[in-house]
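Please read the points below with the model open beside you. They go from the whole chain to its strands and then to its charged side chains.

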Amino acid sequence: MSFVPLRLRPTGRGSALAVSDAGRFFVGSPDFLERLADERISDSDRAFLRSGGFLIEEGDLLGATAHTRGVADRIASVGTLDYLILVPTLRCNLSCSYCQVSRVAETRQGFDWSEETLAAVLTMIDRLETPRLKIEFQGGEPTLRPDLIRAVIERCARFEQVEFVVCTNLQHVDDEIMAIFDRPDVFISTSLDGDAATHSRNRTGTFEITDAFFANLRSLTDRHGPRKISALPTIDPTSPPEIDELIDAYVTLGLDSIFLRPINYQGFARKRHATSREQDDGWRGYYQRFVRRLIERNWLDRGRVLEETYLSIALRRIFQPGLERHVDLRNPNPMGVDYIVVDHDGTVYPTDEARMLARSGVVDLAIGSVTDGWNGPARDLLNTGVTNQFDPDCMRCAFQPF
């Protein structure tokens, strides 16, 4: 017989979480783990380990194959380019203190796609070999240039399946923008930090501007229902909103999903929210209390299920390997292969975080441009670190298979 290698993580109760390369896991008592380490397992121990795929008897080809398949399912497969983050403008009509990309004022010149950049983006779309495509319009505030959004959408008519996500602050929605939102293949991603007072403090600065946002958000949820719209709150762990008030702000609008996230130490946050550099116990404690309260409310209100989106993503990574393509968590994660970011000036980045770092002047991780291509030395250098599979620290981590 042979034991499947296990990674251990103490639970704080004397026991430990044990995880195999295939992502199968159990919590073992100190006595059990000691017997396992000394290979003094009992018949009942042996039956438990065999049933969970942690022990493979000699000659058990099915068990060995099942373990190998489980490991393979954890390894992300990467196809052709089919996910684009496009930034048609860096201009914005808000000045949020925690803006991750250091947006520029709405009146600034030279921060939109040029005609040359637009032509290069459309040519790139024409050359894509995938039948399915997802495009996310980021900013700045992309709805300041609805003409550029329309030009991209119209160019994608040939694809069998296409989805567009417009990431917008919803401060201004006129007939032209509403016509884009009315398309069945267009979805909306926005920010909702809580009630009007919290949202005003974090994002808009005045109740008048906040009222316009809520009016537009309600209009869209009434018009299309909540499934077309996703929203997330950005939490300052030093002064987080009261949990039930935050949940109620979403429930009132019919939104069932809340993507909780702390302030990202990028862009303007590097100066205005210096404490966001580290995610300390304050954030982790708030997140745990939020999730527990969400579960409690789901239990009390059987007619409605609310989710915290990041937790849902993490759970799918654990229990449904291969079905969750969230690029922040996959392994390996090759750069500039199946997804890229095209900035306002045509620069291509491997991730949106790389774009933020460049805007903040921290490090330039650009891999090329949409006009000249990005399959060069810069991308190759980044891809030398494409996996944590053989990193000395990660190899011992119980969470590495996920």
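1. This is a predicted model, in which local features need pLDDT of at least 70 and side-chain atom pairs count only at pLDDT 80 or more, while totals for chains, interfaces and linings use all residues. Residues are numbered from 1 along each chain as its sequence is written, and side-chain values use heavy atoms, with hydrogens and water left out.

2. The chain holds 14 helices and 19 strands, where helices (H or I, at least four residues) and strands (E, at least two) are DSSP runs numbered from the N terminus. The radius of gyration, taken over C-alpha atoms, is 24 Å, close to the 21 Å that the globule rule gives for 402 residues, so the chain is as compact as a globular protein of that length; the rule itself is 2.2 Å times the number of residues to the power 0.38.

3. Of the 402 residues, 48% count as buried, a word that here means under 20% relative accessible area, with exposed meaning over 50% and partly exposed lying in between (1.4 Å probe, protein chains only).

4. Eight strands form an open sheet of mixed pairing, in the order S12-S11-S10-S9-S6-S17-S18-S19, and its edge strands, S12 (229-232) and S19 (368-369), each pair on one side only. Two strands are said to pair if DSSP finds at least two bridges between them. Within this sheet, S17 (residues 339-342) and S18 (residues 347-349) pair in the antiparallel sense over two bridges, and Val341 has Tyr349 in S18 as its bridge partner.

5. How many salt bridges does a search of the whole structure find? The search finds 26, a salt bridge being a side-chain nitrogen of Lys or Arg within 4 Å of a carboxyl oxygen of Asp or Glu.

6. One of these links Arg304 with Asp256, the closest N and O atoms being 2.9 Å apart. This pair joins distant parts of the chain, 48 residues apart, with Arg304 in the loop between helix H11 (281-300) and strand S16 (307-308), and Asp256 in the loop between helix H9 (243-252) and strand S14 (257-258). Arg304 is partly exposed, at 23% relative accessibility.

7. Asp147 and Arg145 form another salt bridge, with 2.7 Å between the closest N and O atoms; Asp147 is partly exposed at 32%, whereas Arg145 is buried at 18%. A network of salt bridges also links Asp244, Asp248, Arg293, Glu296 and Arg297.
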